[in-house]
Amino acid sequence: MTKIFAASLLSIALMAGVAHAAEDRLIIVNGVAEKGLDPNMVNLGIEVWSKASTAKQAQQLAANQYKHIKKTFDEYKIKKEDIQTDNYSLNPEYEYDQKLRQNKMTGFRVSQSLTVTLRKVEDAGNFLDSLVTEKKSMDSGTNVNSISWDSDKRSQVETAALGDAVRAAKMKAEEIAKAAGVKVKGVSKISHSTGHVGPQPVFRNYAMKMEAADSAPTEVSAGQIKVRVEVTAEYEIN
């Protein structure tokens with residue numbers, strides 16, 4: 001019984017050694033491919049805010065402000081599925097009273113955060129201008145907090161770049177194998193990661209109101225989206 005057990009252990013050890021040896025006979029390489037494409041979508045982070053002495057007044061001011069930007073959404077034919085409320089908050093506001101040495105409530109603030117997708121990139125500048133009201137008010141307004149570019153064709157470009165990255169990895173492995181005097185048998189393992197980077201345009205601070213009705217229109221530059229694909233491949237060698 002002891003001899004059988006010892007033989008089993010020896011067999012397992014030998015198998016583990018063979019597996020370890022096979023695992024060691026690998027060439028591990030990475031392949032990278034990058035492609036550019038023109039964006040056809042603009043994603044905007046928009047905030048509608050208001051403040052007043054009572055919660056009801058703050059809500060009403062925010063509702064009026066939202067009506068204004070809703071007209072802009074309709075004007076630029078933005079679909080309902082391209083408008084999403086990410087957050088809505090109604091909170092009391094405080095300021096510190098030096099005499100009483102304690103916080104004193106001064107009113108209420110409403111904030112509604114939206115993500116809006118504009119599918120005509122050429123309209124981005126005019127769309128931003130349309131969000132701003134010319135009414136002078138310190139009690140409500142619209143902020144544009146972020147802007148990013150994207151394309152509904154990005155997945156297709158990623159797939160094409162993936163093939164290029166795999167071919168680049170294979171060429172690299174074959175070149176290493178040739179220099180080392182061995183041959184590539186096949187792929188043992190392969191994994192990939194993708195990412196994209198788009199330029200972040202600079203535009204005026206929309207927390208402020210326009211100073212004049214004839215102010216210069218906003219210009220934003222879309223540039224190109226860079227789609228980057230990287231693969232890591234392990235090739236068996238003989």
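Ile 190 is partly exposed because its relative accessible area is 42%, where buried means under 20%, exposed over 50% and partly exposed in between (1.4 Å probe, protein chains only). The model is predicted: local features need pLDDT of at least 70, side-chain atom pairs count only at pLDDT 80 or more, and totals for chains, interfaces and linings use all residues. Residues are numbered from 1 along each chain as its sequence is written, and side-chain values use heavy atoms, with hydrogens and water left out.

**Surface patch**

- Ile 190 belongs to strand E6, residues 184–197; helices (H or I, at least four residues) and strands (E, at least two) are DSSP runs numbered from the N terminus.
- Together with Val 166 and Val 187, Ile 190 forms a nonpolar patch on the surface, with about 220 Å² of accessible area in total.
- Patches consist of residues with over 30% relative accessible area and no salt bridge; like charges are joined within 9 Å, and nonpolar side chains (Val, Leu, Ile, Met, Phe, Trp, Tyr) within 5 Å.
- Accessible areas come from the Shrake-Rupley method with a 1.4 Å probe, and for residues only the protein chains shown count as cover.

**Leu 162**

- Leu 162 sits in helix H4, residues 154–180, and counts as partly exposed because its relative accessibility is 26%.
- Leaving aside residues up to four places away in sequence, Leu 162 touches His 192, Val 229 and Val 231, contact being heavy atoms within 4.5 Å.
- Gly 31 is 131 residues from Leu 162 in sequence, and the C-alpha atoms of the two are 9.2 Å apart in space.

**Aromatic pairs**

- Rings of Phe, Tyr and Trp (its six-membered ring) pair if their centres lie within 6.5 Å; planes under 30 degrees apart count as stacked, over 60 as edge-to-face and the rest as tilted.
- The count by this rule is two aromatic pairs.
- Phe 73 and Phe 127 are stacked, because their ring centres are 6.2 Å apart and their planes are at 20 degrees.
- This pair links distant parts of the chain, 54 residues apart: Phe 73 is in helix H2 (residues 55–75) and Phe 127 in helix H3 (residues 124–130).
- Phe 73 counts as buried at 0% relative accessibility, and Phe 127 counts as buried at 0%.
- Tyr 76 and Phe 127 form an edge-to-face pair, 5.4 Å centre to centre with 90 degrees between the planes.
- That pair also links distant parts of the chain, 51 residues apart, with Tyr 76 in the loop between H2 and strand E3 (83–97) and Phe 127 in helix H3.
- Tyr 76 counts as buried, at 18% relative accessibility.

**Salt bridges**

- A salt bridge is a side-chain nitrogen of Lys or Arg within 4 Å of a carboxyl oxygen of Asp or Glu, and the count by this rule is nine.
- In helix H2, Lys 70 and Asp 74 are four residues apart, about one turn of the helix, and their side chains meet in a salt bridge at 3.1 Å, N to O.
- Lys 70 is partly exposed at 34% relative accessible area, and Asp 74 is partly exposed at 45%.
- Asp 150 is buried, with a relative accessible area of 13%, and forms a salt bridge with Arg 154, the closest N and O atoms being 2.9 Å apart.
- Arg 154 also meets Glu 158 in a salt bridge, at 3.2 Å, N to O; both residues lie in helix H4, four residues apart, about one turn of the helix.
- Glu 158 counts as buried, at 17% relative accessibility.
- A network of salt bridges links Lys 35, Asp 164 and Arg 167.
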